[in-house]
Amino acid sequence: MNYIPITKPTLEEEEIGNMNEVLTSGMLVYGKYAKEAELKLQQIFKRKYAVLLPSGTTSLNIAVSILDIKEGDEVITTPFTFISSASCILNSGAKVVFADIDPQTFNIDPKEIEKKITKKTKAIISVDLFGNPADYNRIEEICKQNKLLLIEDAAQAHGAEYKNNPAGSFGDISIFSFYGSKVITSGEGGALLCDNKDIYDRALLLRNHGQNDIGSYQYSSLGHNYMMPDTSASILSAQLSKLELFVKVRRSIALIYNQGLSKISGLTLPIEQKDSKHCYSCYTIRLDKEKYKRDKILKLLNENGIGARVYYPISLHLHPLWKEYVYEFKKGMFPEAERASQEVLSLPIYPKLTQLESERIIDFVRKILN
Ligand SMILES: *Cc1c(COP(=O)(O)O)cnc(C)c1O
């Protein structure tokens, strides 16, 4: 039987056509398609400004720098996410402060955020994990009350919505990733979005050696070379036009899983919150650790051609990396994140996953859980 990967990009005539055009033109650097993709990002995610960057991680690092987050500041984020949501804080010299997650949504719990606010708190980095938007009503309220900045890490949430607003439209800055495993991709890639002209101008400077105009050789500040080539942008532009369709198909696959895997004791299905639209960048189930051995089930799935994965097997605070710094994180500090890391399991989901394949996965999961 064929191997079903956890995810697979949908690359079709549009991407190939665009890429062909770029290669034929010989103009490989930031250009026509990059500008086109930035316009599409602004339109789709309802933002005034969009800046393409080489990755989601670069976008987070730039975001933190633009908001002047630095040594002496504290930034609150979730311990149950990809490393970049926290490493951007470490890179800035500020202190990483974790707030535990809501076990139902896997997202940062606003009640836990409130407990972690001090005089030094400068910002919150929220993550829309697995494509499920964080609780922005509450988070924005907390930011307003405490005068905190907000960065939305929407790296997994292209096409998701919260109260009719797209994920990626929240906070002072939002960021996306277009890494190969995300809902839309350019191989490697990212973007920073905002509504503030000063933030936008800073991002442009930082992206291109501190030049006001690309190729002017006039440097008004210190910068980097974080340009996205048009080869990548040509793929991204095609992907952006298909985002709505991709999300529609992902949601229909999630529905098939929801129906096929319902009513299994000890198994919790992903939830879609009221007034939210999940884009299912991951379809993540939860296996009660008192009842199932998650890692054994993962192994069985993989051995039988089903590319299930665990996002993420270890809560961020329990990695060795903190030992180099002043942190004293211990087991038990973030019980919900720790428990989630032991119980979650993500099943394959991508637009080209066939009904037959999803049924094969459902049958196999049902069989091994019985
Ligand atoms: C993928 C991801 C990133 C990083 O994006 P890259 O493009 O891989 O650098 C950041 N945050 C989250 C939540 C992600 O899933």
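I began with the second largest pocket, whose lining divides into 7 nonpolar, 2 polar and 4 charged residues (Ala, Val, Leu, Ile, Met, Phe, Trp, Tyr, Cys and Pro count as nonpolar, Asp, Glu, Lys and Arg as charged, the others, Gly among them, as polar). I noted that the model is predicted, that local features need pLDDT of at least 70 and side-chain atom pairs 80 or more, and that totals for chains, interfaces and linings use all residues. Residues are numbered from 1 along each chain as its sequence is written, and side-chain values use heavy atoms, without hydrogens and water.

I looked up the space in the second largest pocket and found about 240 Å³. Of its 13 lining residues, I44, G159, E161, L243 and E244 are the closest to its centre. Helix 8 (residues 230–260) gives the most to this lining, with 5 residues.

I then turned to the largest pocket, which has a volume of about 610 Å³. Its lining holds 33 residues, and the closest to its centre are F82, Y179, S181, K182 and Y312. By class, I recorded 15 nonpolar, 14 polar and 4 charged residues in this lining. The largest share, 3 residues, comes from helix 3.

Lastly, I examined how helix 3 (residues 56–66) meets helix 4 (residues 84–92): their axes come within 9 Å and cross at roughly 40 degrees.

Conventions. Axes fitted to C-alpha atoms, helices over the stretch in contact; angles between N-to-C directions. Helix = DSSP H or I, 4+ residues; strand = E, 2+ residues; numbered from the N terminus. 1 Å grid on protein atoms, 1.4 Å probe; cavity = no way out; pocket = protein on both sides within 12 Å on 5 of 7 lines; lining within 4 Å. Points joined across faces, edges and corners; volume = space filled by probe spheres on them.
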